[in-house]
Amino acid sequence: MERAGVTVGVGLAVGAFGAAANRPRQLVEMPVFVGGLLDPARSHGDVLVQVAGDRAVDVRAAVEGLLPAVPGWRERWRIEGFRAENREEGGRGLARNPFHFTEGFGNPAGDGETADRALVRAGQGEPEWAVGGSYQVVRIIRFATELWDKDSVSEQERIIGRRRDGRWLDGAPAGEEPNFAADPKGRLTPLDSHVRLAAPDRRDPPPLVRRSYSYDRGDGDTGLVFSCFQRDLAKGFEAVQKRLEGEAMAKYLLTTGGGYYFVPPPGDHWIDALLQGSSGPVGVVATARPGRRRIRSSWSRS
């Protein structure tokens with residue numbers, strides 16, 4: 001939904017549903033993975049509300065107007081994010097994260113492949129109303145930026161597995177695929193680098209689409225509002241997360257919040273499934289541009 005230059009999106013968590021038959025079959029409360037320490041006050045919620053716009057003042061005004069419009073709900077957590085150096089290249093949305101690296105090169109460039117990775121299909125065993133929707137994972141990841149910045153740029157690039165501008169360590173341009181097979185021992189791109197573990201076969205990328213935002217709460221609390229969309233949680237985010245156990249970057253990251261949500265398909269036919277749900281709390285994410293500003297807020301029913 002878009003209004004006055006602001007876009008509002010909704011994700012539904014497991015607590016928003018009642019009967020198991022109505023729920024997306026993989027929708028559960030987000031578990032704690034290796035490297036995570038979830039703060040209950042900044043995690044989960046029944047409904048995720050995402051408010052995005054180009055101006056922070058418009059986004060914040062929209063967020064403040066949400067709660068009075070939905071009596072009986074309370075805000076569980078909120079975080080504001082932004083996309084530094086937000087831009088599009090080759091059909092991909094790119095931005096710079098708090099570790100000074102450009103993100104987004106791994107996303108598909110076209111609408112067709114984006115839909116193939118992100119949208120639930122008929123025949124997946126999902127409820128009929130969920131076809132065309134998407135599983136969304138939100139992770140609030142605190143970055144140890146002070147520790148990170150003590151490393152040389154070349155060491156940081158070996159930990160990530162790319163140059164800061166996206167080029168590959170074997171010399172391949174950002175828009176092409178590296179030849180990991182020619183580097184079996186990881187002399188050029190370390191075997192425990194982030195990109196090599198996340199997608200070891202670049203010809204067969206993980207079936208998900210990322211759209212993350214940086215955050216800065218002050219007092220050194222900076223990091224990433226990681227967000228990804230997929231039609232299958234097990235084959236998408238969870239498969240990547242399992243491969244990343246033991247990555248070299250792990251000591252610089254701490255996941256403190258977030259949750260699993262299901263973004264319903266366009267239209268309103270999904271509301272009947274929701275109306276059979278139970279009660280519980282909400283979350284909110286807000287974002288805007290330096291790049292685009294977004295606020296994510298999780299809400300619960302009181």
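Me: What makes R83 count as lying over the face of Y213?
Reply: In this predicted model, R83 is 5.7 Å from the ring centre of Y213. The cut-off for CZ of Arg is within 6 Å of the ring centre, along with within 35 degrees of the ring normal, so R83 is listed as lying over the face of Y213.

Me: How do you know that R162 lies over the face of W168?
Reply: R162 is placed over the face of W168, at 3.7 Å from the ring centre. That value is within 6 Å, as the rule asks.

Me: Why is the pair of F33 and F237 called edge-to-face?
Reply: There are 12 aromatic pairs by the ring rule. In the pair of F33 and F237, the centres are 5.5 Å apart and the planes make 85 degrees.

Me: Why is F33 called buried?
Reply: Its relative accessible area is 18%, and buried means under 20%, so F33 falls in that class. F237, at 3%, is buried because its value too is under 20%.

Me: Why is the pair of W129 and F262 said to tie together parts of the chain?
Reply: W129 is in the loop between helix 3 (111-118) and strand 8 (134-143), and F262 is in strand 12 (residues 253-263), so the pair joins parts 133 residues apart in sequence. The pair is edge-to-face, with 5.6 Å centre to centre and 80 degrees between the planes. Both W129 and F262 are buried.

Me: How do you know that E80 forms a salt bridge with R60?
Reply: The closest N and O atoms of E80 and R60 are 2.6 Å apart. The limit is within 4 Å, so the pair qualifies. E80 lies in strand 4 (residues 73-82) and R60 in helix 1 (residues 56-64), 20 residues apart.

Me: Why does R60 count as partly exposed?
Reply: R60 has 41% relative accessibility. Buried is under 20% and exposed is over 50%, so R60 is partly exposed. E80, at 23%, is partly exposed for that reason as well.

Me: Why is R203 called exposed?
Reply: R203 has a relative accessible area of 75%, which is over 50%, so it is exposed. R203 meets D201 in a salt bridge (3.1 Å, N to O). D201, at 32%, is partly exposed.

Technical notes
Residues numbered from 1 in each chain as written. Predicted model: local features only at pLDDT ≥ 70, side-chain atom pairs only at ≥ 80, totals over all residues. Heavy atoms only, no water. Phe/Tyr/Trp six-rings, centres within 6.5 Å; stacked < 30°, edge-to-face > 60°. Buried < 20%, exposed > 50% of the residue type's maximum accessible area, 1.4 Å probe, protein only. Helix = DSSP H or I, 4+ residues; strand = E, 2+ residues; numbered from the N terminus. Salt bridge = Lys/Arg side-chain N within 4 Å of Asp/Glu carboxyl O.
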